[in-house]
Amino acid sequence: MDFIEILQTTWIGFSKAAWMTIQITFWSLLLGVVIGLFVSFLKLAKNRLLNWIGNLYITVIRGTPLIVQIVTIYFGLAEFVALDTFTAGVIALAIHSGAYIAEIFRGAIESIEKGQMEAARSLGMNHPLAMRRIVLPQAFRRSIPALGNQFIIGLKDSSLVAYIGGMELWSMALSAAADNFKQFETYIVNGLYYLVLVLIFTYLLQKLENRLRVEERGELA
């Protein structure tokens with residue numbers, strides 16, 4: 001009965017927090033894709049300095065805890081510019097996910113047969129144009145499953161924004177548990193909200209993958 005009571009008394013707050021979680025995840029992953037694509041180009045560049053910069057970024061971000069990155073962004077940038085918790089959370093999560101997305105894109109780009117780039121160049125395309133029209137569309141399609149997994153990871157990682165005052169699902173759970181003194185039941189309810197969101201996004205991801213697979217078969221036919 002405690003679970004049902006908590007669901008009934010907190011569903012409005014949890015619904016608002018779930019929407020905030022979705023927004024944080026969406027914007028951070030969108031920005032993370034931009035960062036990741038840029039860093040993947042650094043990794044693939046023939047210039048050693050650019051390679052070093054890309055490798056340094058990935059090493060530092062992947063080698064330090066996300067919570068440290070979040071509080072560093074929030075309190076560090078506060079010395080120069082006023083940031084609300086939403087913006088700081090989005091920036092920190094984007095920088096974090098960008099390091100992983102960069103490796104996803106790098107692997108996908110390298111998986112495209114080099115002959116396609118050579119064929120595009122032989123048709124008069126310069127390297128940037130061939131990359132944009134020939135290589136990147138295919139690389140992005142191959143990246144969809146990994147990007148989808150990263151989105152789900154980002155959804156769960158957004159819970160750490162609670163520690164700088166962000167009002168997302170985990171923050172809502174902490175607040176509700178402090179009010180009703182039923183920590184275990186409240187955290188279970190909180191976990192159910194995360195589970196529902198993950199299942200929804202997993203379903204949408206599978207639908208997208210199936211659609212792309214059908215389109216690819218149609219192109220090959």
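**Exercise 1. Place Ile-164 in the chain and state which residues surround it.**

Step 1. Ile-164 lies in the loop between helix 6 and helix 7, where helices (H or I, at least four residues) and strands (E, at least two) are DSSP runs numbered from the N terminus. This is a predicted model, in which local features need pLDDT of at least 70 and side-chain atom pairs count only at pLDDT 80 or more, while totals for chains, interfaces and linings use all residues. Residues are numbered from 1 along each chain as its sequence is written, and side-chain values use heavy atoms, with hydrogens and water left out.

Step 2. The relative accessibility of Ile-164 is 8%, so the residue counts as buried; buried means under 20% relative accessible area, exposed over 50%, and partly exposed in between, with a 1.4 Å probe and protein chains only.

Step 3. Contact means heavy atoms within 4.5 Å, and, when residues up to four places away in sequence are not counted, Ile-164 touches Ile-70, Val-71, Tyr-74, Phe-75, Thr-85, Ala-88 and Gly-89. One of these, Ile-70, is 94 residues apart from Ile-164 along the chain, yet their C-alpha atoms are separated by 7.9 Å.

**Exercise 2. Decide whether Gln-69 is buried or exposed, and list what it touches.**

Step 1. Gln-69 lies in helix 3, which covers residues 66-77.

Step 2. With a relative accessibility of 10%, Gln-69 counts as buried.

Step 3. Not counting residues up to four places away in sequence, Gln-69 touches Val-60, Ile-61, Thr-64, Ala-92 and His-96.

**Exercise 3. Describe the surroundings of Ser-159 and the polar partner of its side chain.**

Step 1. Ser-159 is found in the loop between helix 6 (127-157) and helix 7, and it is buried, with a relative accessible area of 16%.

Step 2. The side chain of Ser-159 reaches the backbone oxygen of Lys-156 at 2.8 Å. A polar contact is a pair of N or O atoms within 3.5 Å; within protein, one must be able to donate a hydrogen and the other to accept it, and residues adjacent in sequence count only if both atoms are side-chain atoms.

Step 3. Leaving aside neighbours within four places in sequence, Ser-159 is in contact with Glu-168, Trp-170 and Tyr-194.

**Exercise 4. Follow helix 7 from its N-terminal cap to the residue just after it.**

Step 1. Glu-168 caps the N-terminal end of helix 7, with a side-chain oxygen 2.9 Å from the backbone nitrogen of Trp-170.

Step 2. Helix 7 (residues 169-180) has twelve residues and reaches 16 Å from its first C-alpha to its last, close to the 16 Å expected at 1.5 Å a residue; the expected span is 1.5 Å times one less than the number of residues.

Step 3. The buried residues of helix 7 are Leu-169, Ser-171, Met-172, Ala-173, Ala-176 and Ala-177.

Step 4. Phe-181 is found in the loop between helix 7 and helix 8 (183-220) and is exposed, with a relative accessible area of 66%.

**Exercise 5. Summarise the chain as a whole.**

Step 1. The chain has eight helices and zero strands, and its C-alpha trace spans about 70 × 50 × 25 Å along its principal axes.

Step 2. Of the 221 residues in the chain, buried residues make up 37%.

Step 3. Among contacts between residues at least 6 apart in sequence, 74% join residues at least 24 apart.
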